[in-house]
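Subject: Handing over the structure

Dear colleague,

I am passing on the structure we spoke of, with the sequence alongside. Below it you will find my notes on what the coordinates show, arranged by region.

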Amino acid sequence: MRGKMILGTPNIGSLDAVVQHYDVLSWHDKRRTSTKGRQLRSKLMLTLLALLSFVWLTRLGYEKWFLTSPDPKQVTRSELERSQEPATTTPATLECFQVAQPVPILGGRSSQSIISNGSEAAEDDSPYAPCSMLLMEHVFGYSYGIPFVGNYTPPSCPFNQVIMNFTVVSQGRQFDRLALMYFGDTEVWRTSTAEPTPPPGIRWTFLKDMTEYLYFWKSPQKLIFDLGNLIDDKYTGSFNASLTATFVMADADINRAPPADLIIPISARKGAVDAASQFTLPAENATNAIKIPRNVNRAVFSVSANGQASEEFWWANVLQSDVLTFSRTAGRLPGLSPFREVQLFIDGNLAGVQWPFPVIFTGGVVPSLHRPVVGIQAFDLREHQIDITPWLPMLCDGAEKHTFTIQVAGLDDLEGRNGTALTGIANDSWYVTGKVFLWLDEEGSVTTGTRPAVELVGPKFSFSRHITQNATAFNETLAFDTVVERVISVKSTVRSKSQTGDSIWSQSLSYSNQAIVSDFGFTQFNNFTIAGTDSSTRPTASYKATYTYPLYCNQTYETSSQGNLTIRAHLIQGLELQVEGGSIFPTGLEAFDGAPAGIRGPYAASHLKTRRDGTAIFIQTGDGKNSSGYGATNQIFHFGGSKENVTLIDELYFRNVTAVNGTVVSDSERMAGARTYDLSQAAESANPVKTSLSLFAHVSGTVPGVKRSSVKASVVFQPSEAEPCLVCI
């Protein structure tokens, strides 16, 4: 998978011949001594981890499985996971899943994934029966640049809610892949795949509430699903995917913001030629000039962005001044700092930003961290919303075009008056798109008001860095801290047919990253946190999102004299998100509003808090033909709701799941406070290297057309001109 470190070789061309010879010998002597020591430590670590895994499984083991009956609630768990059966001698398909809160399945207060009295599903009293439709059934084999293209026609049943089911099976060896779904030119969903295993392979299902796109669902659309994949004699895994939609007429009192009347894409607009429409930055200019209707009373921009190639692990990059710190040992490191900012400009004016969530895909850091429990947002990359209602007096002026531009910026500590400046660009590459959600007044009305007043505080940067060297003047350790703060406020008076008053958008953001690159560039530690509060106020409604993205990653890369590769890592990642008011995207409360069994909804705010903690080892032979891994990952997930101006949070969904060496060994779930699932699996004394932990995607950079570059705690591949790297690193 993308993101493994690649061993560099000493580059000492700048030294004179005598010093070169002495330092190279000294460096190799130190590396041999260090490598022998690390090989011994690695063997001890492997033995200890295997022993601990066996002990852990044994302590968690019981005489039997504790499974609840397959009632409707259990079927609607976040990933539609199948009831697991005790291990048999016949290999079973590995069920992969992302831990997430439930989505409403049948719509309305009486058909959510809630269990009355903890045992029986509430009866469906809706007068309208739901209907389902197959949107796509397709095998993504050699599919790079060849998306699925189909036609969608609205169903005959009435509906105001849409739930998608995306199910995939795969087997063989393959990298994880990014996938984007479009209606025409408009991206409506971004997901990624799990890395498959040898036969019988893997399977996963993800449910996605797509009700925010009723504007598209109500009329015929061209559906484009882009999942770029490459197949050859080594990478044999295809992705057999099916996509269905269920259409429901939900109860009118569901606490959901009304869907937008019009959605305008900000994209490369290639739908007419059956192609994907994402911009690739920095190679392209992510700008559209669009016309906004004059009768808009609310406008929200959403941005979808994530790094690929040398930007997949942007949070582990170094300061620009340090990219050559280990050039004589590990090679050049990716730069422009470990900070990224996704920016929205309207007619050249900064309107808002996103400090991106650090998504770690299923082959990231160490692949065995993510089987079968994938990382946070790996199956559902969350979009970020920016309220642009304060810009309506300018956007509704009747002008033919207004420009919307998306940029991704890093930090360059070698430029600027104070030694640091936002770059305006990042490294290669970022996939970005945007959308403008518009709510309209009656035809013929005109929105006016005052021009927006923009106040920007910062961004303020602070750095500290320190380099230590060995006795022969080779850089051994780089330690650096990065702190960034920013405040944005946009305010105007908006006069529309339906409301008049001040409209305000504000953001308060903070970022900190403590990093240490040691062992001559072959070990890296990052401990970073993003925290932010976004809020909008209008005369008739408000919105507020408070979020925190903590991440801790400690990773070491080792190679033996035979070229065998070992990667050891400890990864802790979290997400805390509280949303109040009129979010354009579902918050998760939709599945619980109006439910019985003591639930006190409807709620004013959703509260999500989750944490993953995993330790893993990846091993690959020097010829790249064999690989295996060991690992243990635990994830605890809390989701709840609270009333307005009430600090007490009702628990609506809870899950605590642990996987060891590719097997879920414990899994407990509560729905609305009632225990609904409880699993503990007995340990197996057989070989711990199971099929699910073998045949990982190669990480040495020998894939045809792909060349190696920088070395750090993660591998960075760059594509050659002959073949694009995609997301396959």
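Strand 15, which covers residues 296-307, is mostly covered, since 12 of its 12 residues count as buried. In this predicted model, strand 15 runs antiparallel to strand 22 (residues 430-440), and 11 bridges join the two; within that pairing, Val303 stands opposite Gly434 of strand 22. Strand 15 also pairs in the antiparallel sense with strand 18 (residues 384-387), here over four bridges, and Ser302 is the residue that stands opposite Gln385 of strand 18. As background to these pairings, strands of a sheet are held to one another through backbone hydrogen bonds, in either a parallel or an antiparallel arrangement.

A separate item is an open sheet of five strands, whose order is 1-9-6-11-4 and whose pairing is mixed. Strand 1 (94-96) and strand 4 (131-140) stand at the edges of this sheet, and because each has a single partner strand, one side of each is left without a neighbour in the sheet. From one strand to the next, the twist averages 15 degrees. Within the sheet order, strand 6 (residues 161-170) and strand 11 (residues 239-248) pair in the antiparallel sense over nine bridges, with Val162 standing opposite Phe247 of strand 11.

The cysteines deserve a paragraph of their own. How many disulfides does the structure hold? It holds one, and this disulfide joins Cys131 to Cys157 with an S to S distance of 1.9 Å. The angle about the S-S bond is -45 degrees, and the link of Cys131 and Cys157 is left-handed. Cys131 lies in strand 4, whereas Cys157 lies in the loop between strand 5 (148-152) and strand 6, so the pair ties together parts that are 26 residues apart in sequence. Both Cys131 and Cys157 are buried. Two further cysteines can be listed for their accessibility: Cys96 counts as buried because its relative accessibility is 3%, under the 20% cut-off, and Cys396 is buried as well, with a relative accessible area of 0%.

Towards the other end of the numbering, Arg655 is found in strand 32, which spans residues 650-660. Is Arg655 buried or exposed? With a relative accessibility of 0%, Arg655 counts as buried. The side chain of Arg655 makes a polar contact with the side chain of Asp667, at 2.7 Å. The C-alpha atoms of Arg655 and Ser668 are separated by 5.6 Å, although these two residues are 13 residues apart along the chain.

For the chain as a whole, the secondary structure comes to four helices and 36 strands. Of its 729 residues, 58% count as buried, and the chain exposes about 27500 Å², of which carbon and sulfur atoms supply 52%.

With best regards

Key. Residues numbered from 1 in each chain as written. Predicted model: local features only at pLDDT ≥ 70, side-chain atom pairs only at ≥ 80, totals over all residues. Heavy atoms only, no water. Buried < 20%, exposed > 50% of the residue type's maximum accessible area, 1.4 Å probe, protein only. Polar contact = N/O pair within 3.5 Å; in protein donor to acceptor, adjacent residues only side chain to side chain. Areas by Shrake-Rupley, 256 points an atom, 1.4 Å probe, with all protein chains shown as cover. Pairing = 2+ DSSP bridges. Axes fitted to C-alpha atoms, helices over the stretch in contact; angles between N-to-C directions. Disulfide = S-S within 2.5 Å.
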